[in-house]
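Here is a short report on one protein model. Look at the sequence and the fold first, then read on.

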Amino acid sequence: MLHEVGDGVWVRQSEWVWSNAIVVRGDGGLVLVDPGIDGSELNQLADDVARLGLPVVAGFSTHPHWDHLLWHPRFGDVPRYATLGCADTAGEARERAQAMAAESGSGIPLELIGLLTPLPADGGPVPGEVIEHEAHAIGHAAVLLADRGVLIAGDMLSDVLIPLLDARRPGQVSAYERALDRLGEAARYADVLVPGHGAVAEGPEVAARLAADHAYIDALRRGEEPVDARLDQDWLSGPHQANLEQARQSSG
Ligand SMILES: [Zn+2]
């Protein structure tokens, strides 16, 4: 079910890692941001979107990880945008993304995974401001809808996921610090924050999310063990160890 979190911004959450599919009303119609996950959920999302009575004019992927590269034939054959870095990486990693999707979800239309086009310089049909940075994944982008007070953050600022450094690239602690600074700037115009996974944050909770990610990264920077409630989830101990490893190996 779609839940309206701002003017013309709706969220549907999947059971799979609390993934958020986001529907944004733009000038020409609807833009679907990171729709997911299972085929049945994508199908329900298509029903929900049809009830809004506006055409889907585009897709947008926040970053090139498989769970953010999905699509369904019922959304239509429309351009699916991303930053240049994300679109290139998604193209190169398509087979791997398809394999991971087949392994992790059911009924996902595999042939439609990762077919992205670089966003035109004027943003095309994607409303708001695209904020690109290098934390978590190549070409990761947030979308700030300042006129509606909504920040769509991709895989940052989650209440369930710790910051996840890109294991394949060095210098991620610094990249994360820069990204958080930019998102902090953007959050001045937002009182609603939609993360890629987890609960939508509102009001003072937005600043609390920023503070939690900052605290985690600051601890990595100092070579200390972060104190972070999200680490109570056992399944994050592997990614957390990988983060510690990267922070130790590179100067940041
Ligand atoms: Zn994700």
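The model is predicted. What covers its buried residues includes α4 (172-187), β11 (192-195), β12 (201-202) and α6. The buried residues of α5 are Val206, Arg209, Leu210, Asp213, Tyr216, Ile217, Ala219 and Leu220. In an α-helix, residues three or four places apart point the same way, because a turn takes 3.6 residues.

Gly223 follows α5 and has a positive phi, near 75°.

Two of the covering elements, β11 and β12, also belong to a sheet. This open sheet has five strands in the order β8-β9-β10-β11-β12, and its pairing is mixed. β8 (129-133) and β12 stand at the edges with a single partner strand each, so one side of each has no neighbour in the sheet. Inside the sheet, β10 (residues 150-154) pairs with β11 in the parallel sense, over four bridges. Ile152 stands opposite Val194 in β11.

α2 (84-92), α3 (94-104) and α6 (237-249) each supply at least two lining residues. The largest share, five residues, comes from α3. The lining divides by residue class as follows.

| Class in the lining of the largest pocket | Number |
|---|---|
| Nonpolar | 17 residues |
| Polar | six residues |

Notes: Residues numbered from 1 in each chain as written. Predicted model: local features only at pLDDT ≥ 70, side-chain atom pairs only at ≥ 80, totals over all residues. Heavy atoms only, no water. Nonpolar A, V, L, I, M, F, W, Y, C, P; charged D, E, K, R; others polar. Buried < 20%, exposed > 50% of the residue type's maximum accessible area, 1.4 Å probe, protein only. Contact = heavy atoms within 4.5 Å. Pairing = 2+ DSSP bridges.
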